[in-house]
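Here are my notes for someone opening this one for the first time. Have a look at the sequence and the model, then read on.

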Amino acid sequence: MFSKDTSVFLNTLTPKFYVALTGTSSLISGLILIFEWWYFRKYGTSFIEQVSVSHLRPLLGGVESSSTTGLFSSVNGEAEPRPSVSECKVWRNPLNLFRGAEYNRYTWVTGKEPLTYYDMNLSAQDHQTFFTGDTQQLRPEDAVMQKAWRERNPQARIRAAYQAIEINHEQTCSAGSVIFSKKSYVLLAEEEATTITEAERLFKKALTIGKEGFAYTVVLIYSGKDMNLLVYIKRRLAMCARKLGRIKEAVKMMRDLMKEFPLLGMLNIHENLLEALLELQAYADVQAVLAKYDDISLPKSATICYTSALLKARAVSDKFSPEAASRRGLSTAEMNAVEAIHRAVEFNPHVPKYLLEMKSLILPPEHILKRGDSEAVAYAFFHLQHWKRAEGALNLLHCTWEGTFRIIPYPLEKGHLFYPYPGCTETADRELLPSFHEVSVYPKKELPFFILFTAGLCSFTAMLAMLTHQFPELMGVFAKAFFSTLFAPLGFFADKMESFMPSSFWHQLTQI
C-alpha cells in the first residue's frame, strides 16, 4: 500500500518541480557558502563549527578533556603551558615613525589611514603613563596634557597643546611649568611638524626649555621624576639625525643615551643603534652590540635574530651557490649561516616574504607584537635595504628559509629553539595593522570542512538544476528511479507491517 502511494506521488511530480527543488537547494547552499567564507576570512574559523562546538556539544554531553588542555611538549619533551592570549604582549615599536612628518604625509598622498584607532589609543596611553611623574596624584599640568593626548582628532590634540603652552606662559616660571612646556612641544613635534627638520627643531626646543636661568630644573629631571621625558626627547632627536643623514651623530647620541640610562633597556634603544650601525656598514660594531643583547636570558626580537642571521649570511653569501652546495655539501660557515636563518625564521616566520618582496610593505605601526606580522612589517621596512646591500644574502635566504618548517612541523604544539608559536598573533595583528593590509597568518589555516562541504553541495545542486532544465524528461526518469530506490526499504517495511495488522485496524486508522 505504501509503495503504491509512493509511486503515485512520484508520477505526479513534473520536471518543473525538480528544477525548482534543485535550484532552491543550490541557492541556499550558495548563500551558506558565502557567509561561511566571509566569517572564516574575518574570524579565522567556521561559524557552523564554532556554533556546534560552543552550543551543541554541551547539550549533547560532550566535555573537553582537562588533562591535556593548555599543555604542549617543550624542546626537552616535558609538558609546558601554551602561551595564553595575555602573554601576547604588545610592545612600542622602537623605530616608530613621526605622526605629522611621515604618517600624515602618507594619508595626504594616498587617502589611506596607516594607523588603526587601537594602535593610536595605545600610543595615547603610553604618553599618559610615560610622561606622568612618579607622584601618586597628578599635577594640574599633567591633567591638561593627558586630556590633549586622549583627543582622537589630530587637530584637537594640536589645539590642546597650544592651549597648554598659553596656560604655562601665564604661570610663574617653575620646574613644573618648564616640564609642562616640554610635554607640549613634544606633542607638537610628533603631531604638527610636517617635516623631519621641523620635528627636530621642536624637539630641540623642548630639550633646551628651562636651561636659561633654571639649572635646578635639569637636576630635577635627572633625579628621576621626569627622566622618561628627557629620554624620549633625546631618543627622538637621535632618530631625527638618522633620518636626516647625520648617522654618526645619531650613533653617538644613542650610545650616550644607553650609557647614561642603562636601566632603561626595556625601551630597546639598542635596536635603533643596530639599524644605524648597519647603515654605516660598521659590522664589527653590530656584532659587538649583538654579543651583549643576543643572550639566552634576554627577550628576543626579529631585529636581534635576523641581524645575527644577516651577519653570518654576509660572510658566505657572495660565493654561495645552491648547485655547488648540493654537490659538495655545506661548509661550516655556510651551515652556521643556514642555522641562523632557521633560528630567525622560527622566531618570526612572516619576515622572509617581506624581505624577498613576495608581499608588499606598508608603513609600520606604532606598536608591534613580537613574532607577529606587525613586527615583520616593522623590521622589513627598515632593514630590507641592509639585506639588499649584502651581496647574495637574499639569495641564501630564498634557498633556505622554508627548510625551517620541516624542523618544526607542528609549531603550535612544539618549538625547536623557542617556545611554541603563540596562537593569538593573528587577532592582535588585525587590531594593529590597517584593514587594507592582508595580515600574514602562521601556520596557514586549512579551509574548514563545512566550507568544502557547502561548496560541493552548491556545485552539485547547481549542476542538477542545469541538467534538469536542459533535459527535463531524462532527469525526471532518473529522479523517479532514485526516489523509488530510496523509498524501497521503507515501502518494504510498511508492506510487512500491513500484512501483520488486521484489516479492521487499517480501516479504523483511515477513518481517523
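**Notes on the model**

1. Let's start at a loop: R371 sits between β4 (367–369) and α19 (373–389). Helices (H or I, at least four residues) and strands (E, at least two) are DSSP runs, numbered from the N terminus. R371 isn't a glycine, yet its phi is positive, at about 75°. R371 is also buried, with a relative accessible area of 9%; buried means under 20% relative accessible area, exposed over 50%, and partly exposed in between (1.4 Å probe, protein chains only).

2. A word on what you're looking at: this is a predicted model, where local features need pLDDT of at least 70, side-chain atom pairs count only at pLDDT 80 or more, and totals for chains, interfaces and linings use all residues. Residues are numbered from 1 along each chain as its sequence is written, and side-chain values use heavy atoms, leaving out hydrogens and water.

3. Q281 is another one to check, with a positive phi near 60° in a residue other than glycine. For background, most residues other than glycine have a negative phi. You'll find Q281 in the loop between α13 (269–280) and α14 (283–293), and it is partly exposed, at 44% relative accessible area.

4. Now the overall picture. The chain has 25 helices and four strands, and 45% of its 512 residues are buried. Take the contacts (heavy atoms within 4.5 Å) between residues at least 6 apart in sequence: 72% of them join residues at least 24 apart. The chain exposes about 28,100 Å², with carbon and sulfur atoms supplying 61% of that; the areas come from the Shrake-Rupley method with a 1.4 Å probe, and for residues only the protein chains shown count as cover.

5. The largest has 91 residues, and F203, I233, Y306, L355, W387 and L397 touch the most other members. Helix α11 (residues 227–243) gives the most to this core, nine residues. Domain 1 (93–282) and domain 2 (293–443) both contribute residues, so the core lies between them; the domain bounds come from an automatic or database domain assignment.

6. Zooming in on L397: setting aside neighbours within four places in sequence, L397 contacts I341, P352, L355, L356 and W387.

7. Last, the cysteines. No disulfides (pairs of cysteine sulfur atoms within 2.5 Å) turn up in a search of the whole structure. C305 is buried at 0% relative accessible area, whereas C399 is partly exposed at 37%.

Definitions and conventions: Core = buried A, V, L, I, M, F, W, Y, C linked by side-chain atoms within 4.5 Å.
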